[in-house]
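Please walk through this structure with a plain explanation of its parts.

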Amino acid sequence: MNRPFASVRVNPFENDVVREPREVSFSVTGLNDEALNALVGKFSPLDADARPRVPPAPPPKAQLVVSPDRGYGKSHLLGRLFAKLKQRAATIYLRPFQDPNKAWQSILHMTIQELMRATDGKPPQLEMLAVAVLAHLGANFIGEEGVDNYADAARAVAFLRELGAEPTLAGAQERAWIEWLTDPETLAGLARRLRIGGFDLGQREKAWVSALAALARDERYGESWSAAVKWLRAEPLEPEEAQRLRLSQADNDGQGDSSPQEIDALSFRRLQGLCALASFHRPFVFCFDQTEFYVGDHALIKALGKCIERLYVDLRNQLTVITANQANWVDDIRPHMEQPHWARIDRPIPLEGIRKEGARELVVERLRRSDFDEQAIAAFFTDDWLERVFETLPELAVRELLMRAAERFRTLAKRPEPPPATIDALFQVELAAVRREKALQAYDQDSLMWFARDVGRTLEGASVERTASRRYFSLQWSWPDRRVCFAFEGGDHWKRWKSIAEEASALADRGPKGAFAAYVFRTPDLPKVPRPSWKASAPALDGARARGFRIVELTLDRVCELHAARELYSNALQGNIAFGGPETLAWLQARFASFLKELAGASTPSETPTRADSPAPDGAKQVPAVGERGLAPTQAERKMAEEGDALGPDDERIVLALVCEQKIVDIGVVLDRLGGVDRRDQLLRWVARHPSLKAHSGPHNTWLQWRIAP
Amino acid sequence: MIAKLDTVGADIVGAGDVGLTLGQIRKKFVGKSGTKAKAREAEMRERLASLVREGAIRGPFKTGASQLYFAAGRGPSIETASDTVAEFVFQSGVKLLSKAALEKKITGLNRRFFADAIADAVAKQTIMELVQGRARFYLHRDVAAERFGFEVEGPTAPKKPALTFADLSPVYRRLKAEQGGFPAVKIFELIRALKAPKAEVHRLLIEEANTGRVTIHPTTSVELPPEVIDAGVRLPGFAEPFITVVVKDDR
């Protein structure tokens, strides 16, 4: 009877934390349905009317989902909500922001990133939104203004309404219509319809339709498409980019030398515009998860409160959902929020534990997924195992049940209990998860700021503080004899970088005496800066460089490590791992000690870090030029990078045959067959995209599994 | 200045056993009559009704021309009315009080609980019901014991009746309302509010958890004071103490 259990290498119950809500694929019948239905019930009025909804739908109060403790399924519930509203809402998963002065910028960037995800073989939500808006506006335009010498108006309106309802450009007819809709002359009419229609876009109707037209018409990552995304992200556009979108000077409203408040205000207006335009497509669902991260940082909590307030008051067509462990929220977060802000939150929606019937369903499902037959499943439940689990209490946290099931599995497999996972092993699990998901490797100013602020706190003798009064260098490490400042900028506008350099020089000249360094982190997915063509900003950049200003080009490995570190810390704060927040932070500080030391040590301008991920000694001058677009990755480069994830037909066949035959295989075995461990990340990324394969990263090893029911 | 309605629940909780009259609430949250007063009054009444539906407050209780609201677990109840009934019956001694006469003595907000209070006092054997024809009279147990020279149960300390779900429920509701409607209430707070021994509260919670009327939970994501941890329930087979309780279906 023990054979089937002993022969399976991966314990089906060890994965007891939801890391990514969109991966949720199973839920126990009835468990937390009340909470889910409450959320869906609050959402439903937002998409009740026919598109376009005029006036845009006012939002309900923010919905707060509270868990009595860890492991009751907050992120799982979000996953179920996302699945339930897949065809009805643009669902946005928001990790905690770190800069209280740029909360909206962070939310906007996360929103755009989420909208750019392609799901279920459909175009990204951003492109569908663009097509839907243009199609409905086109229908309004033809129906209400008419087109000269065009007799087919009624059929055209009906067709465009259909296209607006299902905004994919599958056929030639749809693409022909998009050509017409994105013609400059038509766009002027569409902008007019938008203005007349009562959508408050702050006099930027023309810019909005132009940006949407570029998203609908241009190739993904094409020049106009990229410029439109940049405009949506509230970044300033270079003149040639603005020209591509046919934007007037006023419409290119992201200023290179904006203050954090101006950047945040513009980001908010963009978000407001996106929400208003959701009247033509799907309402938004903004989900603030991992709120434990805000604990202890009163400035962040206040900023979160303000965001919740403005979401309710100023943004239409959206539902805000917040998740929290009750103890964190009641004891540590709410007391530091302004009363008018938390008054915008509805009464809490509680989560419940699992009972015996649900537990049986969950255990059976996990066993079936691991290819156990009915006999083995029956063996699992012998000796009144389930009755004994619930004999003390009839309701348990789901994670508690999974831990007991994992223990039962080990007993049946006659496998000794593994030693407790070390924190290093848990870090490796997070690292593997980040490495196999490209979306998690993108520039994330919140992760970088968290690293510099929280992990940087350990530096001996240093005081680490936010500096709200500055434009860009919002964080500073200070010692009596030296300072290191950090700015967080993902854009590539020359004027913005000139301003950053000027501020760095000013800080070096005007601050207290002593050594000085000023850093801006860049990640590999961002366009390289400065560009060789930036003649006007070169003196400012050179001057700043001479005073200690550096652009720190992080390697992909380092980016993955930093993002994994933040996930690990977040898990610790949520109680998802056996290590607490301070303990985890202390470990991370030791883990990154040499990197921190390099950054701190480099504060004497003559000492420059020498690692590959450290700033180049003379920065931009060493950066090679790549084409007219500056150093932003081109469409071809992006395609090549995506193709780089493919293994090649022969190797793919080898992996599929091996995993299909053995059902579950150590990744080391597969890499041996492929000829080298250096292909590990490439293999994991390919596996992540393959419907029949799944990678399990455990604290001790990684396994590839053949999925029975993908 | 007109206060925001969001604090009305907290104000009623703060008023304790005295409660707040509708007039007091109106004065604070609606203000003087004016063009907007009507809308504010409607909003206030809707808010009060909603709090009553949620179980955070009780009311309105009519007393004279006033209408009173109390926090859950506060103000008049069967227990307070029962104590008053027993006191009147005791004071009356052997001059028996009829039910009708007794009812006249029970005034104010306890009046509405009169029938239940009689039943409660009789059930607790504090008073005894005597019947003549259709009339009912009441005699206090201590008066009877004295007259008949019954052996009084010595100087042993009075035994408190075992804690029940009925004791727990109103206190839980009050604590839940005080923390803004969040359902998980600390067992530490519950013990303090019930003024009952820890072991007795633990016994009740474990019993009720087994029947499914309450659930108990650890709290692992925050640092807790030692006294809060100490007040938690420890169960064999569970590494962490259970720190909070949720009464199911308490909306």
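Predicted model: local features only at pLDDT ≥ 70, side-chain atom pairs only at ≥ 80, totals over all residues.

Residues are numbered from 1 along each chain as its sequence is written, while chains are lettered from A and ligands numbered from 1 in the order in which they are written.

Chain A has an open sheet of five strands, ordered β2-β3-β4-β1-β5, with parallel pairing. Because β2 (90–94) and β5 (349–350) of chain A stand at the edges with a single partner strand each, one side of each has no neighbour in the sheet. Helices (H or I, at least four residues) and strands (E, at least two) are DSSP runs, numbered from the N terminus. Two strands pair if DSSP finds at least two bridges between them. Strands of a sheet pair through backbone hydrogen bonds, either parallel or antiparallel.

Strand β1 (residues 63–67) of chain A pairs with β5(A) in the parallel sense over two bridges, and A:Val66 has A:Pro350 in β5(A) as its bridge partner. Helix α14 (residues 326–333) of chain A packs on the sheet, where it touches β1 and β4 (318–325) of chain A. The direction of α14(A) makes about 95 degrees with that of β4(A). Such angles run from 0 to 180 degrees between N-to-C directions, and axes are lines fitted to C-alpha atoms, for helices over the stretch in contact. Two residues are in contact if their C-beta atoms, placed from the backbone, lie within 7 Å.

Strand β4(A) pairs with β1(A) in the parallel sense over five bridges; here A:Ser67 has A:Asn325 in β4(A) as its bridge partner. Strand β3 (residues 284–288) of chain A also pairs with β4(A) in the parallel sense over five bridges, and A:Phe286 stands opposite A:Thr320 in β4(A).

Is β4(A) buried or exposed? Eight of the eight residues of β4(A) are buried, so this strand is largely enclosed by the rest of the structure. A residue is buried if 20 or more other C-beta atoms lie within 10 Å of its own, exposed if 12 or fewer, and partly exposed in between, with C-beta atoms placed from the backbone. In a regular strand the side chains alternate between the two faces of the sheet. On one side of β4(A), A:Gln318, A:Thr320, A:Ile322 and A:Ala324 are buried, and on the other A:Leu319, A:Val321, A:Thr323 and A:Asn325 are buried, which leaves both faces covered.

Elsewhere in chain A, A:Trp587 lies in helix α25 (residues 581–591). A:Trp587 counts as buried because 20 C-beta neighbours lie inside 10 Å. A:Trp587 and A:Ile423 are 164 residues apart in sequence, and 7.8 Å apart in space from C-alpha to C-alpha.

Chain B holds 11 helices and nine strands. Its C-alpha atoms fill a box of roughly 65 × 60 × 25 Å, taken along the principal axes. Of the 251 residues in chain B, 32% are buried.

Helix α9 (residues 187–194) of chain B packs with helix α10 (residues 198–211) of chain B at an angle of about 120 degrees, and their axes are 10 Å apart. In this contact B:Ile187, B:Leu190, B:Ile191 and B:Leu194 of α9(B) meet B:Lys198, B:Val201 and B:Leu205 of α10(B). By class, the contact of α9(B) with α10(B) has six nonpolar, no polar and one charged residues. Ala, Val, Leu, Ile, Met, Phe, Trp, Tyr, Cys and Pro count as nonpolar, Asp, Glu, Lys and Arg as charged, and the others, Gly among them, as polar.

Strand β9 (residues 244–247) of chain B runs antiparallel to strand β7 (residues 185–186) of chain B, joined by two bridges, and B:Val185 stands opposite B:Val245 in β9(B). Strand β8 (residues 214–217) of chain B pairs with β9(B) in the antiparallel sense over four bridges. The bridge partner of B:His217 in β9(B) is B:Thr244.

The contact of the two chains takes 23 residues from chain A and 21 residues from chain B. On the side of chain A that touches chain B, the largest share, six residues, comes from α14(A). The residues on that side of chain A divide into nine nonpolar, seven polar and seven charged.
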